[in-house]
Amino acid sequence: MEIIIDTSDAPGLVNFGQVVKSTLVEWFDRVGDILESPTYTPPSQINVYFDPNYDGVAYASGNNIVGSVDYYLTHQDDIGSMVHEMAHVIQSYRSCYTNDDWYITEGIADWVRFFHYEPASNRPPKPGSDNHYSQGYRVTAYFLDWVNARYNPMIYWINKDCREGTYNHQIFDRLTGKSIDQHWQEMLASLGLPTDLKPSDFEKDPYGYDHKLRHKILHSH
Ligand SMILES: [Zn+2]
C-alpha cells in the first residue's frame, strides 16, 4: 500500500503533506482492521492532492482524497480530518449514501476518527436535546459508539452491510430488538434528556450540504 501526496499546487503544505503521509501510513492497517468485513479489499494506493481551488475542507472519492490548500494552511493541526477521509476510502461503501442513511457513513468515519485516532480528550461531547442521530459526524459517531458499547459489535454489522450494499435501518430491530429511534431515545434518557422529541423537531441538515452530492463525494466536516 502506498500513500501518494501531491503538493505540486500547494508549496506551503510540503511539510504538512509529509506529516499526513506518515500518519496515514501508520493508520492504514489499523483503520482497515477497525472496519474489517469479509469483502474488504485494501486499496493498493491512496492519492492525496491539495487543491488551491477547493473551498471546503476535504473530501474523498474512490481512492482519492482532496484537501483544501486554504484550509490546511491555517489548520495544520487538523490531521484527524485526513484520517476521516481515509476512513471513507477504506469504507468503499456500496450503500449508505441516500438522504435517509448518509449519516451512517459520516458517523462511522467520525467514529474511526474520534473514538480510535484522536486522543480521548477530543471525544465528541454528549449530544444535547437539539441533536439527532441523523445529523451525521460527531453526533452519529457518539450515538453509534453508545449502541456499540451495549450491542458489541453492532458497528461491525452496520459497516458490513453498508459495504455490501445491503444496509437498512431494520438492522437495529433485527439484531437488538429495538429500532434506531428507540436506541436514540434510550440514549437521551440515559443522558438525562427529554425523549419525547420527534425527528421533525430537529435540524436535520445543520451544515446545509447538498445530499445529492453525497452520492459521489463525501465531505469532511
Ligand atoms: Zn466524511
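Predicted model: local features only at pLDDT ≥ 70, side-chain atom pairs only at ≥ 80, totals over all residues.
Which helix is the place of tryptophan 27?

**View 1. Tryptophan 27 in helix α1.** Tryptophan 27 has its place in helix α1, which covers residues 14-34. Is tryptophan 27 buried or exposed? Counting gives 21 other C-beta atoms within 10 Å of this residue, and the threshold for burial is 20 or more, so tryptophan 27 is buried. Leaving aside residues up to four places away in sequence, tryptophan 27 touches Val83, Met86 and Tyr117. A further pair to look for is tryptophan 27 with histidine 116: these two are 89 residues apart along the chain, yet their C-alpha atoms are separated by 10.0 Å.

**View 2. The whole chain, for orientation.** Here is the setting for the close-ups. The protein has eight helices and five strands. Read from the N terminus, the order of elements is β-α-β-β-β-α-α-α-α-α-α-α-β. Of its 221 residues, 38% count as buried. Taking contacts between residues at least 6 apart in sequence, 65% of them join residues at least 24 apart.

**View 3. Strands β1 and β2 side by side.** Strand β1 (residues 2-6) pairs with β2 in the parallel sense, over five bridges. The side chains of β2 (residues 45-51) alternate along the strand.

**View 4. The hairpin of β3 and β4.** Strand β3 (residues 58-61) and strand β4 (residues 64-68) pair in the antiparallel sense over four bridges. Alanine 60 stands opposite isoleucine 65 in β4. How many residues lie between β3 and β4 in the hairpin? There are two residues between them, and glycine 62 in this turn has a positive phi of about 60 degrees.

**View 5. Where helices α4 and α5 cross.** The axes of α4 (residues 102-117) and α5 come within 7 Å and cross at roughly 80 degrees. Angles of 65 to 115 degrees count as roughly perpendicular, so this is how α4 lies relative to α5. On the α4 side, the residues making the contact include Tyr103, Ile104, Ile108, Trp111, Phe114 and Phe115. From α5, the contact residues include Tyr137, Arg138, Phe143, Leu144 and Asp145. Sorted by class, the contact of α4 with α5 has ten nonpolar, two polar and four charged residues.

View 6. Cysteine 96 lies in the loop between α3 (80-91) and α4. Its phi is positive, about 75 degrees, although cysteine 96 is not a glycine. Cysteine 96 is also buried, with 24 other C-beta atoms within 10 Å. Tyrosine 137, in helix α5, has a phi near 55 degrees, a positive value in a residue other than glycine. With 22 other C-beta atoms within 10 Å, tyrosine 137 is buried.

View 7. Which peptide bond here is cis, with omega near 5 degrees? Look at the bond from asparagine 152 to proline 153. Proline 153 lies in the loop between α5 and α6 (154-164).

**View 8. Helix α8 and its two sides.** Helix α8 spans residues 180-190, and its buried residues are His183, Trp184 and Leu188. Seen down the axis of α8, these buried residues fall within an arc of 135 degrees, so they line one face of the helix. They pack against α5 (137-150) and α7 (170-176). The face turned away from the buried side of α8 carries the exposed residues Ala189 and Ser190. Just after α8, glycine 192 takes a positive phi of about 80 degrees.

**View 9. Glutamine 170 and isoleucine 180.** Glutamine 170 has its place in helix α7. With 10 other C-beta atoms within 10 Å, glutamine 170 is exposed. Glutamine 170 and isoleucine 180 are ten residues apart in sequence, and their C-alpha atoms are 8.0 Å apart in space.

Note on methods: Residues numbered from 1 in each chain as written. Buried ≥ 20, exposed ≤ 12 C-beta atoms within 10 Å, placed from the backbone. Arc of directions from axis to C-beta. Contact = placed C-beta atoms within 7 Å. Axes fitted to C-alpha atoms, helices over the stretch in contact; angles between N-to-C directions. Parallel < 35°, antiparallel > 145°, perpendicular 65-115°, else oblique. Nonpolar A, V, L, I, M, F, W, Y, C, P; charged D, E, K, R; others polar. Pairing = 2+ DSSP bridges.
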